[in-house]
Amino acid sequence: FLLLPVFTRYLSPTDYGLLDLAGSLSGVLMIAMRFGVPGAVVRFYYDYEEGPGLRDYVTSVSWITMLTSLAVGIVTLVISPWVIEPLLPGLKTVPFVWLVVIAALMTGNWDMQRRLIQAREQSRLSAQLNASRALVGVGTSVVLVIGMKWGVVGMLVGEAIVAALFYVQALYYLRSDLRGEFEWGKAKASLAYAAGILPTHVVGSVTPLLVRGILATQASVAAVGVLAVANKFVAPLMIVQSAFNYAFVPVYYALRKEPSDEHQHRLAVTTTVAWTAAVLSTLALALYVPIIIRLATPHSFHEAARLVPILSLGVLGQALFVLVSAEIMYDKGTWQISAISAVSSTVALCIALQCTEKWGATGVAAALSAGPIASATIAAIVTGRRGLAWMRWLEIVVAAGAGIGVYVGFTLIAAEEHGSVPVELVLASVALCVGAVFVCGSSAETRTWLQRVVASTVRCI
């Protein structure tokens with residue numbers, strides 16, 4: 001993300017389009033290769049806990065994922081010339097698909113390690129590993145793209161190198177967990193659990209791939225590249241959201257396992273403050289990032305600026321989905337999650353098919369955001385029918401409405417000053433302050449949280 005102003009000087013919109021298509025394909029492959037089994041680790045960890053039972057369980061699911069990964073990788077390479085190349089224009093089997101498959105194969109141990117770290121609530125180690133992987137990735141990309149000028153191939157080779165290095169690191173972390181014995185019963189239990197949630201993951205990864213394929217076919221690969229740059233500027237918020245998800249789900253499961261008034265209060269405060277933080281973060285992203293894009297990237301990427309606010313709504317929808325779907329996952333209602341994902345995918349694909357030819361990347365951005373919003377809405381309805389005391393629905397709606405209202409007001413005012421960066425920055429700052437007051441004004445907990453944030457910011461300054 002930080003090097004985007006640099007890389008956009010060395011990579012064209014078409015190059016970024018190819019990278020985005022390769023990344024979308026990689027997401028699909030990693031889901032198919034794992035068969036959703038690593039995702040079951042977080043849930044079954046609390047059944048086996050630490051000890052011989054957990055070692056046998058991890059060993060069993062590791063063998064399953066290794067075999068399925070090899071099978072999917074081989075099939076992908078075989079069918080690529082007849083399936084992938086027509087679907088994703090420009091993404092040739094050699095070298096692009098080969099590099100994507102190699103990198104995806106190497107992420108198996110990393111994914112298993114990530115799930116165990118999440119279940120063990122080792123948030124510091126998770127942050128250290130993610131930061132290390134990001135730094136190594138940046139280093140290899142700089143050398144191969146800027147130094148050696150390998151372009152798109154350099155980026156993909158760098159990803160494969162990083163995947164190989166952290167495959168070894170994850171193997172070291174899992175060295176004691178993989179000393180168990182294979183037990184088909186434990187593997188079967190994970191497969192059964194994964195079978196319920198697998199359609200969700202498949203839909204969640206296949207839909208973006210198909211939508212990008214539609215954009216590349218009906219518009220151009222360069223349009224995919226512009227969308228990719230917009231997504232990369234949105235990525236920091238998605239990373240923060242992902243980190244929160246890994247921290248929130250184990251805490252939610254632990255508190256739900258022992259219901260009490262105190263635990264219900266903690267869940268209410270956690271969900272309310274988390275949603276408030278998500279709304280304010282999304283508002284800040286939508287206000288400032290378009291200005292940054294116009295300042296930091298070549299003119300050929302400036303169209304990405306108007307895609308960011310649209311994509312931000314999708315990120316906000318994902319944040320709400322995490323909060324409201326945790327209860328469904330706790331009850332092992334995986335079929336409900338799969339049904340919700342199917343509806344979300346249908347919404348996204350229908351909008352993409354109807355809007356891409358006319359609106360190009362803007363239509364696809366709307367489709368990608370509509371999917372998560374639909375998922376969050378349906379999950380909220382399902383969870384709301386259970387009458388959970390800690391879900392403060394009115395405060396959630398008020399916070400979202402306040403954030404959207406402030407952004408609409410900013411857009412109407414800033415439209416007259418478009419092109420004047422200093423004025424836009426001042427207006428964005430004023431809008432963010434106003435938004436913080438209105439978004440956090442719905443509850444005492446969020447007001448207290450805002451006061452602490454402001455106090456910490458003042459001390460840092």
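**Notebook: α7 and its neighbours**

I started with how α7 meets α8, and noted that the two cross in a left-handed way. This is a predicted model, so I read everything below as computed.

**Entry 1: α7 against α8.** Two packed helices are described by the angle between their axes and the distance between the axes. I looked up both for this pair: the angle is about 150° and the axes lie 10 Å apart. Angles over 145 degrees count as roughly antiparallel, so α7 and α8 are roughly antiparallel to each other. Next I listed who touches whom. On the α7 side I found Trp110, Gln113 and Ile117, and on the α8 side Leu125, Ser126, Leu129, Asn130 and Arg133. Sorted by class, this contact has four nonpolar, three polar and one charged residues.

**Entry 2: α7 against α9.** Then I turned to helix α9, which covers residues 151-173. How do the axes of α7 and α9 cross? I got roughly 45°, with the axes coming within 8 Å. That makes α7 oblique to α9. I also checked the hand of this crossing, and the crossing of α7 and α9 is left-handed. From α7, I wrote down Asn109, Trp110, Gln113, Leu116 and Ile117. They meet Phe166, Tyr167, Gln169, Ala170, Leu171 and Tyr173 in α9. By class, I have eight nonpolar and three polar residues here, and no charged ones.

**Entry 3: empty space.** Rolling a probe the size of a water molecule over the atoms shows where empty space is left. How many cavities of 30 Å³ or more are there? I noted two. The largest cavity holds about 50 Å³ of space. Its lining is Trp110, Gln113, Arg114, Ile117, Ser126, Leu129 and Asn130. The elements giving two or more residues to that lining are α7 (108-119) and α8 (123-147). Which of the elements gives the most to the lining? That is α7, with four residues. I sorted the lining by class too: three nonpolar, three polar and one charged residues.

Methods
Residues are numbered from 1 along each chain as its sequence is written. This is a predicted model: local features need pLDDT of at least 70, side-chain atom pairs count only at pLDDT 80 or more; totals for chains, interfaces and linings use all residues. Side-chain values use heavy atoms; hydrogens and water are left out. On a 1 Å grid over the protein atoms alone, a cavity is a set of points where a 1.4 Å probe fits but cannot get out, and a pocket is an open set with protein on both sides within 12 Å along at least five of seven lines; lining residues have an atom within 4 Å of a point. Grid points are joined across faces, edges and corners, and a volume is the space filled by probe spheres set on the points. Ala, Val, Leu, Ile, Met, Phe, Trp, Tyr, Cys and Pro count as nonpolar, Asp, Glu, Lys and Arg as charged, and the others, Gly among them, as polar. Axes are lines fitted to C-alpha atoms, for helices over the stretch in contact, and angles run from 0 to 180 degrees between N-to-C directions. Angles under 35 degrees count as roughly parallel, over 145 as roughly antiparallel, 65 to 115 as roughly perpendicular and the rest as oblique. A crossing is left-handed if the near helix is turned anticlockwise from the far one by less than a right angle, and right-handed if clockwise. Contact means heavy atoms within 4.5 Å.
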